Amino acid sequence: MATIPLTLEEEIRQIGYISRSTPKDKQVLMDEIRRMKKEKNAVILAHYYVDGDIQDLADYIGDSLGLSQQAAATDAEMIVFCGVHFMGETAKILSPDKKVVIPDMNAGCSLADSAPADEFAAFKAKYPDHIVISYINCSAEIKALSDIICTSSNAVKIVESLPKDQKIIFAPDANLGRFVAKKTGRDLVLWDGACIVHIDISQEKLTALRQKYPTAKFIAHPECQEHILSQADYVGSTTALLKYVVEQPDEVFIVGTEAGILHKMKQAVPNKKIIPAPASENNTCACSECPYMKMNTLEKLYNTLYYEKPEIIVPEDIRVKAEASVLRMLEMSKGL
């Protein structure tokens, strides 16, 4: 009888490091991750939306702009990217000589998936006199079809830096594109993509929550829908939302973005009440939660360091074209 191969998690389960049954087991797992990271000269980059335990283990936690800057600057031999697939691709685009691995190759992105490369190429061909600014939440293929990449931190600045008569396609997030158009007064051609997490904030539940906490400041990410953003006291990138909560004197905040950021917010201001904006769909946290970000677990992070896979590979012809658009963003973002 043929032997059925063990999955990575089944193999590592036999070693005894993935039990969640006691705090001791979890601590051993975290200690082993730290040991292997040092032994293999690896750097762990984590997005604000992944599990709090992984954030606590990371060498750097940030949003897409900060993570891109770190990926470009690191001297580590291996980059372990705890986030979603396009983030690992971006790290590989910027550091082709380094091994880039992610805890789960299935950790995709609904926004990135909303822009298939062949369909976008055909869309782009309809506007030959336009340049393409693409939000970093896109595939390597879309980055290769773009002139400049942006993030929610720098999108307004990048658009404003271009001549007013320059025609622009903005992709793939239409909500961010509408926000940028409103802030800059520019007429942007928008690709109709969206993030399932940010468009799932419930208007009805949010209204009820604001009535319950009438003094709360409502802050939101620009990937949210326009009718949600119109109610916000402040709109900004994930890092900007964190900074706002820390710097403002208010004591109660309702946060309209993926709930993973609450981990850092609560660490930074433990005396303040931080409430996640409610999702339309009922879930265990009654909040906006990305199923792809939550695919990152301590067990998978251990596996990734132990086996040095799954590894991100970007074909060189795609990588070179994508690198040009990302580097242009980094150059334009100096000082941010």
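**Exercise 1.** Find what the side chain of E258 reaches, then place E258 in the fold.

*Solution.* Start with the backbone nitrogen of G260: the side chain of E258 reaches it at 2.5 Å. Before going on, note that this is a predicted model, where local features need pLDDT of at least 70, side-chain atom pairs count only at pLDDT 80 or more, and totals for chains, interfaces and linings use all residues. Residues are numbered from 1 along each chain as its sequence is written, and side-chain values use heavy atoms, with hydrogens and water left out.

Next, look at K294: its side chain makes a polar contact with the side chain of E258, at 2.9 Å. (A polar contact is a pair of N or O atoms within 3.5 Å; within protein, one must be able to donate a hydrogen and the other to accept it, and residues adjacent in sequence count only if both atoms are side-chain atoms.)

Now check burial. E258 counts as buried because its relative accessibility is 0% (buried means under 20% relative accessible area, exposed over 50%, partly exposed in between, with a 1.4 Å probe and protein chains only).

Leaving aside neighbours within four places in sequence, E258 is in contact (heavy atoms within 4.5 Å) with Y49, V197, H198, S288, E289, C290 and K294.
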